[in-house]
Amino acid sequence: MEKKGYAISSWHNTEKIYAGLDHLMKQPTRPVKREAMEKVMDYFDTKCVKSKEMVTEAKNFIPGGVQHNLAFNYPFPIVINKAEGAYLWDIDGNQYIDFLQSGGPIILGNNYKPVREKVIELINDCGPVTGLFHEYEYKLAKLINHHMPSIEMYRMLGSGTESVMAAIRISRLVTGKKKVIKIGGAYHGWSDQVVYGLKIPGTRRFEAHGIPRTSTRHTQEVKPNDLSALRRQLKLNKLRGGTACVIVEPVGPESGTRPVNKEYNQQVRKLCDEFDTLLIFDEVVTGFRMGLGGAQGYFDVKPDLTIFGKVIAGGYPSAGGIGGRKDLMSRLAAGLESGKKRAYVGGTLAANPLSALAGYYTIKEIEKTNACEVAGRAGDRLTEGLNEIIDRYNLPFVAYNQGSICHLETAAAMFVKLGINIISALGEIKKRKHMMEEMGAAYLAEGIITLAGSRLYTSLADTDDVIDDALERFDRVFQNIEGV
């Protein structure tokens with residue numbers, strides 16, 4: 001029996017997922033048929049004319065034409081100018097079912113009216129930022145503590161990246177140790193020290209362009225689900241000065257793209273206690289999406305520090321924060337008494353009134369609407385429907401979900417075996433990545449927006465009718481896969 005109040009109706013069979021992914025990797029790629037892909041490209045050429053023109057011009061002023069990695073889509077980004085509920089509309093007037101949800105921040109649905117009205121009221125009264133204290137900084141911190149008791153104190157920052165930087169800084173200050181262990185493939189923002197082992201375990205500094213080796217000298221990675229490897233690394237580090245912290249995405253690296261066993265986090269907690277190491281939960285995606293108690297509430301694990309982002313500001317900007325034990329968090333205090341060392345953090349727009357208020361009322365609306373459970377049921381319906389279509393067409397694709405975090409692996413680009421030489425795997429990765437981009441384009445042409453063609457987030461706005469409509473659209477894409 002799963003916990004009441006959480007998005008997850010039952011934890012997935014992790015071994016079965018990995019077996020499916022392994023089977024998918026052993027098969028030849030199954031992209032969209034070429035004649036069907038021509039129709040997809042025609043959609044962009046004829047129905048997205050204004051988007052193409054604007055992005056082409058934007059490339060003269062913005063690197064790559066867009067300001068955010070999520071905005072890049074094949075064959076070119078679409079320009080969105082309206083958002084409401086379960087839908088987005090582009091500048092050409094095309095409507096889309098939105099499973100991107102801004103990359104995860106939206107749990108109540110786009111431009112949710114009750115929160116929007118409170119934000120407008122605040123802007124009319126005091127504007128978005130003053131540089132001084134605002135009542136909703138306190139109200140938000142107290143509300144977070146109510147739902148996550150491990151967050152004895154909370155400090156709001158501008159992003160998840162900044163919050164990870166702060167958490168590692170606190171860990172090193174308090175423990176006097178330097179080593180940081182992350183789980184291979186996980187994403188913890190783009191600061192120098194954690195651009196290490198991204199997306200594919202074992203890649204270490206592969207993406208660390210422009211980052212000196214000294215910046216990642218004390219960063220280490222171990223494979224997900226491998227508790228023996230984590231123990232070995234902690235034991236080795238003990239001989240070399242110890243480990244400051246272990247940082248995990250509690251549902252698995254890349255928002256559960258590499259899922260973990262249900263008992264994994266509890267075992268990591270025990271290892272951290274055994275080796276006198278701090279445990280950091282990166283709940284940027286899971287915090288207030290998985291449930292009001294976060295992943296830590298679902299897994300019944302008390303981390304020492306927790307990273308927040310995305311939902312923490314309800315989809316409004318400056319979404320970031322760090323919370324945890326009082327003795328640790330007190331090291332972030334502004335104006336700390338002379339002689340006591342503190343972990344220095346800042347940010348002019350951190351904890352601005354607009355973001356703090358939006359976060360507070362988002363959580364209050366989640367309480368009122370039971371949004372996490374509703375979005376989780378939508379994720380279940382979507383995943384079950386995708387698996388039915390996959391089985392019907394006898395495709396090797398893999399679909400699974402952790403509540404409202406849904407995964408649809410058709411190319412498994414991040415599961416290419418690296419072997420001894422990373423460079424040798426690049427050709428296969430490139431081929432599979434292009435197929436994933438084409439799948440994303442095919443979904444877009446059917447009126448569905450996803451995250452990179454392989455991840456989907458559901459929200460309170462995703463009714464049964466919305467999900468069933470989406471499944472019909474997915475069906476039209478899958479019936480045009482090679483070999484069907």
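This is a predicted model: local features need pLDDT of at least 70, side-chain atom pairs count only at pLDDT 80 or more; totals for chains, interfaces and linings use all residues.
I247 stands opposite I280, a residue of strand β8.

- Seven strands make up an open sheet, and their order is β4-β10-β9-β8-β7-β5-β6.
- The pairing in this sheet is mixed; in general, strands of a sheet pair through backbone hydrogen bonds, in either the parallel or the antiparallel sense.
- At the edges you will find β4 (153-157) and β6 (219-222), each of which pairs on one side only.
- From one strand to the next, the twist averages 20°.
- Helix α6 (residues 160-175) packs on the sheet and touches β4, β5 (179-183), β7, β8, β9 (305-309) and β10 (320-324).
- The direction of α6 makes about 165° with that of β9.

- Helix α13 covers residues 371-392, which is 22 residues.
- From its first C-alpha to its last, α13 reaches 31 Å, close to the 32 Å expected at 1.5 Å a residue.
- Just after α13 comes N394, which takes a positive phi of about 55°.
- Helix α15 (residues 464-478) has 15 residues, which should span 21 Å at 1.5 Å a residue; its end C-alpha atoms are 21 Å apart, so the two values agree.
- The buried residues of α15 are V466, I467, A470, L471, R473, F474, D475, V477 and F478.

**Aromatic rings and the charges over them**

- How many aromatic pairs does the structure hold? There are 15 of them.
- One is formed by Y136 and Y361, a tilted pair with 5.6 Å centre to centre and 50° between the planes.
- Y136 belongs to helix α5 (residues 135-147) and Y361 to helix α12 (residues 353-369), so this pair ties together parts that are 225 residues apart in sequence.
- Y6, W11, Y298 and F299 come together as one aromatic cluster.
- The charged end of K82 sits over the ring of W89, 4.5 Å from the ring's centre.
- R392 lies over the face of Y393, at 5.1 Å from the ring centre.

**Two loop residues worth a visit**

- Q101 lies in the loop between β3 (95-98) and α4 (113-125).
- Why does Q101 count as buried? Its relative accessibility is 0%, and the cut-off for buried is under 20%.
- Leaving aside residues up to four places away in sequence, Q101 touches I106, G109, N110, R289, Y457 and S459.
- A333 is found in another loop, the one between α11 (326-329) and α12.
- A333 counts as partly exposed because its relative accessibility is 28%, between the 20% and 50% cut-offs.
- Twelve residues along the chain separate A333 and V345, and their C-alpha atoms are 9.2 Å apart.

Definitions and conventions: Residues are numbered from 1 along each chain as its sequence is written. Side-chain values use heavy atoms; hydrogens and water are left out. Helices (H or I, at least four residues) and strands (E, at least two) are DSSP runs, numbered from the N terminus. The expected span of a helix is 1.5 Å times one less than its number of residues. Two strands pair if DSSP finds at least two bridges between them. Axes are lines fitted to C-alpha atoms, for helices over the stretch in contact, and angles run from 0 to 180 degrees between N-to-C directions. Contact means heavy atoms within 4.5 Å. Buried means under 20% relative accessible area, exposed over 50%, partly exposed in between (1.4 Å probe, protein chains only). Rings of Phe, Tyr and Trp (its six-membered ring) pair if their centres lie within 6.5 Å; planes under 30 degrees apart count as stacked, over 60 as edge-to-face and the rest as tilted. A charge sits over a ring if NZ of Lys or CZ of Arg is within 6 Å of the ring centre and within 35 degrees of the ring normal.
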